[in-house]
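Please open the structure in your viewer and follow the selections below in order. Each stop names what to select and then describes what is found there.

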Amino acid sequence: MSEIVVSGIRSTGNLHLGNYFGAIRNFLKLQEQHQCYFFIADFHSLTTHPTPSDLLGNTRQVLIEYLACGLDPEKCVLYRQSDVHEIPELYLLLNMNAYLGELERCTTFKEKARKQPNNINAGLLTYPVLMAADILIHKASKVPVGKDQEQHLEMTRNFAARFNRMYGVDYFPEPVAYNFGKELIKIPGLDGSGKMGKSEGNAIHLSDPPEVIRKKVMRAVTDSGPTQANQPMSEPVANLFMLMKIISSTDTYQYFLDSYNQCTIRYGDMKKQLAEDIIAFIKPIYDRIIELNNRPDYLKQVIELGADKARQSASKTLKEVREIIGFKAF
Ligand code: TRP
């Protein structure tokens, strides 16, 4: 059965391989099967960056990269949060039924408040309410997000159930996380530990030109090499092999695995091969990023189409919500 799916995309930072094998590949699958609403969360970005230097440029880059990966504006509704005025209105209405205690208890709020003690603004506090408005405005049932967003989603369910209870209706569904199960592939970083994107300099971006990819891969952390046959791998080396298993051919992977186990491996050779395979993998996406950068009219058309379609769904919900609360026409 086709479900209504909503997901927000952070509007800062270039996409990297980890994003591709995480959220993006799943978006590509979801858009084939469900009614999907994917949007760039530019309002949310103000909670941490209230005076952005290039809001439009950031949004544009994110849009380009998602399109380059294969998000299809004919199959899903792809839009910018700030184009849908119904979202902030629903946010205002939901704020009346969101309580200080529960908002203050939210882990992401506490974390961000610690990080920016001089800017603990009300938008930061009510971030989960805005996120709930994003989701409920389309009456979504599924939200493809990672573990770090689970608490926000639980708050969305609370706000939805509370709305239904307060106004004596069965209106909003209680959305749940879309579970990818085994399909989620975690991409390790190049700095020897953790996952890609966790720290600066350990990620390969989809917009990195070949020479940058070569440099980054050649600089990846390894160790001094195996000294006996079938020696267990150190974490940095295991990470490189994991990347190679995902990106390179089975033969290539097996060749370097064998040479590791026989202590004949030269990490420099392995990295050279891995870099070329990553470059080849990214090439179609990279080429499309360049191409889309030169098609401002197409981008304008995409973002306007998305805004239109998103507002159709959003205005229907908002009209019904206003009536439920009691804002009726004279
Ligand atoms: N909070 C999400 C994140 O940091 C982004 C987001 C905003 C979102 N609104 C959403 C995700 C609605 C899913 C649904 O990644």
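Begin with helix α11 (residues 235-247) and helix α12 (residues 250-261), which in this predicted model pack at an angle of about 155° with their axes 9 Å apart. Because angles over 145 degrees count as roughly antiparallel, α11 is roughly antiparallel to α12. Their crossing is left-handed.

To display the contact, select Val237, Phe241, Met244 and Lys245 on α11, together with Thr252, Tyr253, Phe256, Leu257 and Tyr260 on α12. By class, this contact of α11 with α12 comprises seven nonpolar residues, one polar and one charged.

Next, select helix α10 (residues 210-218) and helix α13 (residues 267-293). These two pack at an angle of about 145°, and their axes are 9 Å apart. Here the crossing of α10 and α13 is right-handed. On the α10 side, the contact is formed by Pro210, Ile213, Arg214, Val217 and Met218. The residues of α13 that take part include Gly268, Lys271, Lys272, Leu274 and Glu276. The contact of α10 with α13 divides into nine nonpolar, one polar and four charged residues.

Finally, move to the ligand. Which residues surround the ligand? Select Ser7, Gly8, Arg10, Phe39, His44, Tyr127, Met131, Asp134, Ile135, Val143, Val145 and Gln149 to show them.

- Arg10: a polar side-chain atom lies 2.9 Å from an oxygen atom of the ligand.
- Tyr127: a polar side-chain atom lies 2.7 Å from a nitrogen atom of the ligand.
- Gln149: an N or O atom of the side chain is 2.8 Å from a nitrogen atom of the ligand.

Conventions
Residues numbered from 1 in each chain as written. Predicted model: local features only at pLDDT ≥ 70, side-chain atom pairs only at ≥ 80, totals over all residues. Heavy atoms only, no water. Axes fitted to C-alpha atoms, helices over the stretch in contact; angles between N-to-C directions. Helix = DSSP H or I, 4+ residues; strand = E, 2+ residues; numbered from the N terminus. Parallel < 35°, antiparallel > 145°, perpendicular 65-115°, else oblique. Left-handed = near helix turned anticlockwise from the far one by under 90°. Contact = heavy atoms within 4.5 Å. Nonpolar A, V, L, I, M, F, W, Y, C, P; charged D, E, K, R; others polar. Near = heavy atom within 4 Å. Polar contact = N/O pair within 3.5 Å; in protein donor to acceptor, adjacent residues only side chain to side chain.
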